[in-house]
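Please keep the model open while reading.

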Amino acid sequence: MTYNDSIQVTENGLLYVIHKVELFTEDGFIASLYVRNYSEIDILLKIADVRECLSIAHREFLSLSKFSLTFNTRWATEDNKRFSSAQIMLNKLRSSLASIKKSYRETCPIIRKQQPIGEMFRNRLSPSVFERSVLTNGGCARDLFGIESYSDNIQTLYVEQSALFANVLASLMLCYKEIEKEKQTKADPDKCVELLEKQCRDIMKELYDTIDMIQCPVTDEIQQFIDEMGLRNFAQKGYHEYSVDVVRKHAISVFKQQNGTMSNFAQMAKLVWLKNPQKGNDVQLLIEHFDEFRPENRKKVSAEKILFFVNWCGDTVEAPQQQFYTILKTYYRKKELVDWHAVTVRKNKIKNLMEEQEEFNKEVELFLKGLKKAA
């Protein structure tokens with residue numbers, strides 16, 4: 001007689017496996033040792049095998065755990081289908097499930113009896129390993145002396161296999177919990193609207209590609225559906241259905257509608273220096289008079305001057321340091337700039353960078369003060 005280890009790819013199937021994995025006990029493990037005639041070498045081989053499976057199962061659990069931290073707090077994610085259905089979840093956990101299926105198969109009784117001809121179809125089906133394995137069968141007689149009475153290798157195998165089942169159970173429970181959370185969120189249109197709008201705001205705060213986003217035309221795929229369906233209806237139906245890139249374009253489009261075309265420096269500065277608009281004004285003024293400040297007799301602006309400039313601009317979440325180089329390159333037209341790589345190389349060669357930067361900052365402030373006074 002053969003056994004089957006198939007799992008119904010539904011939420012009920014997921015719950016069924018969770019229930020069976022929860023039944024792993026010390027008594028069941030001890031009973032499983034008597035199903036096969038294991039030698040000491042067999043036990044050592046099983047320890048090595050279970051440890052390998054445990055490593056894979058633990059990695060799968062950590063990966064799921066990391067993604068679950070933000071999955072149901074974002075309207076769109078990098079992998080919208082990560083927790084979307086039991087079928088997908090069971091596929092993503094195939095390595096973990098394969099390892100426990102093997103444990104179940106190896107702890108099923110060996111039965112060589114052939115099925116009688118003429119039985120009803122349902123009785124001719126191979127019995128499930130989840131039902132026949134002594135690990136889940138329940139009702140095992142309690143060992144009088146417990147696992148401590150067995151050899152060190154058997155105790156080690158029990159510890160490793162317990163850890164394997166614990167990791168798989170944790171993954172399965174996490175998947176089921178996230179599927180339920182997603183259902184609850186999708187049933188609440190107001191919550192979906194809140195998550196969509198929050199993600200749009202977060203995108204505009206990050207602005208990793210500020211200049212590129214400002215200069216490139218945006219095709220807003222989301223807005224046309226909002227106009228047709230209404231915000232609440234669209235946010236509910238579109239939850240975890242659109243890519244982050246599509247949401248990003250929508251956020252930029254909305255910002256442009258509210259703040260203009262972003263065609264000039266002043267409009268761009270609203271994005272980059274959200275909390276310090278005066279800094280944006282100072283940067284614009286310095287770029288307009290960049291050749292007059294610390295004049296250089298050369299074809300390209302030096303790496304050192306660019307380095308001190310971007311440091312003076314700042315280093316924020318809204319605009320990482322290299323972004324200020326892009327801003328200078330975009331709005332300063334008189335000379336070419338050395339490439340960014342040359343700037344980073346020069347940075348590593350300046351011994352007293354902090355002292356020289358402080359001197360540069362003081363000169364900039366005096367220079368800008370003079371320009372403002374003369375205006």
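Axes here are lines fitted to C-alpha atoms, for helices over the stretch in contact, and angles run from 0 to 180 degrees between N-to-C directions. Helices (H or I, at least four residues) and strands (E, at least two) are DSSP runs, numbered from the N terminus. The model is predicted: local features need pLDDT of at least 70, side-chain atom pairs count only at pLDDT 80 or more, and totals for chains, interfaces and linings use all residues. Residues are numbered from 1 along each chain as its sequence is written, and side-chain values use heavy atoms, with hydrogens and water left out.

**Overall makeup**

The chain has 20 helices and two strands. It holds 375 residues, and 42% of them count as buried. Buried means under 20% relative accessible area, exposed over 50%, and partly exposed in between (1.4 Å probe, protein chains only). Contact means heavy atoms within 4.5 Å. Take the contacts between residues at least 6 apart in sequence: 80% of them join residues at least 24 apart.

**Two helix pairs**

Two packed helices are described by the angle between their axes and the distance between the axes. The table gives both for two pairs.

| Pair | Axes come within | Crossing angle |
|---|---|---|
| Helix 1 (residues 11-22) and helix 9 (residues 152-186) | 10 Å | roughly 150° |
| Helix 3 (residues 40-71) and helix 5 (residues 94-106) | 8 Å | roughly 150° |

The axes of helix 1 and helix 9 cross at roughly 150°. That makes helix 1 roughly antiparallel to helix 9. Angles under 35 degrees count as roughly parallel, over 145 as roughly antiparallel, 65 to 115 as roughly perpendicular and the rest as oblique. The crossing of helix 1 and helix 9 is left-handed; that is, the near helix is turned anticlockwise from the far one by less than a right angle, while clockwise would be right-handed. Helix 1 contributes Glu11, Leu14, Leu15, Val17, Ile18, Val21 and Glu22 to the contact, and helix 9 contributes Phe165, Leu169, Leu172, Met173, Tyr176, Ile179, Glu180 and Lys183. By class, this contact of helix 1 with helix 9 has eleven nonpolar, no polar and four charged residues. Ala, Val, Leu, Ile, Met, Phe, Trp, Tyr, Cys and Pro count as nonpolar, Asp, Glu, Lys and Arg as charged, and the others, Gly among them, as polar.

Helix 3 and helix 5 are also roughly antiparallel to each other. Their crossing is left-handed. Lys46, Asp49, Cys53, Ile56, Ala57 and Glu60 of helix 3 meet Ser95, Ser96, Ser99, Lys102 and Glu106 of helix 5. The class count for helix 3 with helix 5 is three nonpolar, three polar and five charged residues.

**Buried side chains**

Gln161 sits in helix 9. Is Gln161 buried or exposed? Gln161 is buried, at 3% relative accessible area. Leaving out residues up to four places away in sequence, Gln161 touches Phe24, Phe29, Val50, Ser103 and Leu135.

Cys53 is buried at 17% relative accessibility, and Cys175 is buried at 0%. How many disulfides does a search of the whole structure find? It finds zero, where a disulfide is a pair of cysteine sulfur atoms within 2.5 Å.

**Positive phi**

His240 has phi near 60°, a positive value in a residue other than glycine. His240 lies in the loop between helix 13 (231-237) and helix 14 (244-259) and is buried at 1% relative accessible area. Arg294 has phi near 45°, again positive in a residue other than glycine. Arg294 lies in the loop between helix 16 (277-288) and strand 1 (300-301). Arg294 is partly exposed, at 29%.
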